[in-house]
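Hi everyone, thanks for making time for this. Let me put the picture up, and then we can walk through it together.

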Amino acid sequence: MRRILVGIKRVVDYSVRVRVKPDGTGVALDGVKMSINPFDEIALEEALRMKERGEADEVVAMSIGPEEAQQQLRTALAMGADRAILVKSDTAVEPLTAAQVFTAIARAEDARLVLVGKQAIDDDANQTGQMLAALWGRPQATFASKVEVLGEVLRVTREVDAGLETLEIDLPAVVTVDLRLNEPRYVKLPDIMKAKKKPLDVKSFADYGVEPTERLKVTLYVAPATRSKGIMVKSVAELVDVLKKKGLA
Amino acid sequence: MDGHVPARLMSRRDLSFLLHEWLGVAALTARPRYADHSRETLDAALDTYERVAAECFAPHHRAADVDEPRLVNGEVKVHPAIGPALQAFSDSGLMAATQDAARGGMQLPFVVERAGMAWLFAANVGTAAYPMLTIANVNLLLAYADPALVERYVPDMLAGKVFGTMCLSEPQAGSSLSDVATRALPQPDGTYRLHGNKMWISAGDHDLSANIVHLVLAKIPAAEGALPAGTDGLSLFLVPKWLPAHGGAAAERNDVTVAGLNHKLGYRGTANCVLNFGEGRHTPQGQAGAVGWRVGAEGRGLACMFHMMNEARIGVGTGAVALGYTGYLHALHYARERRQGRPLGDRRRRELPVPLIEHADVRRMLLAQKAYVEGGLALVLYCAWLVDEAATGTEFEQDRAHQLLDLLTPIAKSWPSQWCLAANDLAIQVYGGYGYTRDFPVEQFWRDNRLNPIHEGTHGIQALDLLGRKVVQRGGFAFEALRAQVTATLDDMQRRPGWAGDTARLRKAWDALVEVTQTLIMIDDAAVRLANATPYLEAFGHVVVGWLWLEQARVTFTAKPANAADEAFYAGKQQTARWFLRWEIPKVHVWLAVLAPPDPSVLEMQDAWF
């Protein structure tokens, strides 16, 4: 069975303008719209296209999160994933914990490929995919903007600072995806009904032998400072002068 | 610059309140037709509407307004972003949302489908008009057309490959359909050949689909060639732009031509055409005349059209609400961001001016908009919910729903068209000079919305329909059904702490409406009875929406706020309900004052005196 696992994270929707809680303990999530992390949605779309091209047999969506993350997994099933796994967690999960859980699932499911977003838009950590590859002991290609299956090899075009880089890696492997890889499909209404009947397993950390530990301690959240009023300068010389005084030039 | 921002299209929180907390639509899943649904599937469907609206419809709202449809060599070209948006709409199954699963539909309740469509109207009403017409067209064909005709066109329409139109008006016959002069001549093979001119045909021609299906009202002449008089002589015909391929021959162009485009105030993305049928530009099978197939029985054309009229008019009301709603959300955002002026009495001139929303008069304008658009949304969703009741309830529920729907449809069409347009006007006012520029979208919302009091039966026609027909229908049965509903809400709210006084305002207005209605229906002379029908319509509408505001306040008493955002939401509902009862309901008495006895000023006014 050529199986693709796709990591799905439940995050605040990209269109929501988030606010820091007054006590600085986090971001206000009450009544805020939640969605699939957009990068993960691109990962799922790529997996579905591979399956449609006959390059995979099964697409499994996996998530770690609260009970409500089932909504995002149902969306993934409605998009076309065959089944889903939710590992329940009522607290935020650090990238290492996520990587440990995904590694255990990849082994248990005998995955051929794990696709995840290059980062999640809530914490922007950009770590889970890399840690997963290391823990699993398999090759990785990050920031993918093009993925081609060549038998047992994957050819991945990566977005790097200098431009594009193309790698060939052996399967099984981990690929983290970037924005330009594809445009995810919309959920079709009849598929919402079909998704209801697809299997969604709810598991615990213990089921995968992972004990989540908190290695990071968040002390305070603050909103970025509001931009202060600008000043008008009369000449380039004056501008340079001001920049020098501010230590910027 | 401030574009048409997706997060300011509609309020999902409000939709959720109305659909789930008030109407309890999840209870519909107890009905066999909706048995496979759950709250989750209904919400997931709304997610798809919201997303298609934000990502495919909203981005070209302005562009399609600026770059209007053009007529090139007799064919209409529309803005290039409209095609892909409608493709996404059809591909996501939205065209077939309410249809049977066997037809690729989701069997979505009508009320949820209308709530979903509100997102698309808010995002881009000019683009949403194409599928709106096609959906109505499909429903009509499924109800009345021969199975062969249904199978030939409906699957392609549901897939977005063929779009539909409704051709009623003619240059000389708009609201007065009895004057329709298009002729349909029966042919030996059972088809008809149509000849005539049609006016105001939205989506009448475009480059969005492989074919266009026109549903055309026309008259079949008697043997001696005379057209039957009145609306009883109207029959309905399906006339495609392209005729089906036939016996090895390729598809042939039907004799339907675009005589011109109408250049409109708003809704500019929608190509609105003058169409000529059977003028001989094309000669299918070697003969002039547009080939058509009859839909429904001879002489039943208007009945077929009117079967869809309740839904169509609720659709217009929903569009008006959506435009008012997005305007309100834009104005609200602007009022919170834009700093201007200081609080009254602040002589110290604090360093920064305050946000607009801190000025009482700006809050007045925002509160009025909130009251109009949220009240209007409650109204159209209530009526859409009645459509579901009428289709799937028990026999008693169905009958009551039909009656209430007939009575309230003129209100659902006219009230949002009037007051959500007023909301758009206030949105412009909140923006001040910027609102009057094309750099901000609120002026376009107003222009788009200005159509709604005109099409699908003008404001005046709705008033005649309500007072002349609906309130007296079946001996006033519907009016009594509404009275029972309103009275129950009044009695409930009367005993809520702090609500007796405001509830009494509505009871007084309702009693006055009942009294005026009883006086009016006793007047035999229709010209006198109906002369002031419009203030009657407006008084009726305000009382109904006042009732719906009281209903929303009622729901907040049993609500369980989960957090501070919820608490603010419910407090906002209560405050707006009070505002409506105190500021708007008194207007009812002014409108009613000219009705009983009917003030004759208008009736007696003479042409020469103007």
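A quick word on the ground rules. This is a predicted model, where local features need pLDDT of at least 70, side-chain atom pairs count only at pLDDT 80 or more, and totals for chains, interfaces and linings use all residues. Residues are numbered from 1 along each chain as its sequence is written, chains are lettered from A and ligands numbered from 1 in the order written, and side-chain values use heavy atoms, with hydrogens and water left out.

Back to helix 9 of chain B: 27 of its 33 residues are buried, so it is largely enclosed by the rest of the structure. Buried means under 20% relative accessible area, exposed over 50%, and partly exposed in between, with a 1.4 Å probe and protein chains only.

Now, how do the two chains meet? In chain B, 29 residues are in contact with 15 residues of chain A, contact being heavy atoms within 4.5 Å. The area buried between them is about 1800 Å², with carbon and sulfur atoms giving 58%; that is the accessible area (1.4 Å probe) that two parts lose on being put together, summed over both.

There are three salt bridges between chain B and chain A, each a side-chain nitrogen of Lys or Arg within 4 Å of a carboxyl oxygen of Asp or Glu. A:Arg17 forms a salt bridge with B:Glu337, and the closest N and O atoms are 3.1 Å apart. On the chain B side, helix 2 (39-57), helix 4 (82-91), helix 8 (309-337) and helix 17 (564-584) each supply at least two of the residues that touch chain A. Helix 2 of chain B gives the most, with 10 residues.

Let me finish with one residue from each chain. B:Met157 lies in helix 6 (residues 147-158) of chain B and is buried, with a relative accessible area of 0%. Beyond its neighbours within four places in sequence, its contacts include B:Met95, B:Leu141 and B:Val213.

A:Thr103 lies in helix 3 (residues 95-108) of chain A and counts as buried at 4% relative accessibility. Leaving out residues up to four places away in sequence, A:Thr103 touches A:Leu132, A:Leu135 and A:Trp136.

Notes
Helix = DSSP H or I, 4+ residues; strand = E, 2+ residues; numbered from the N terminus.
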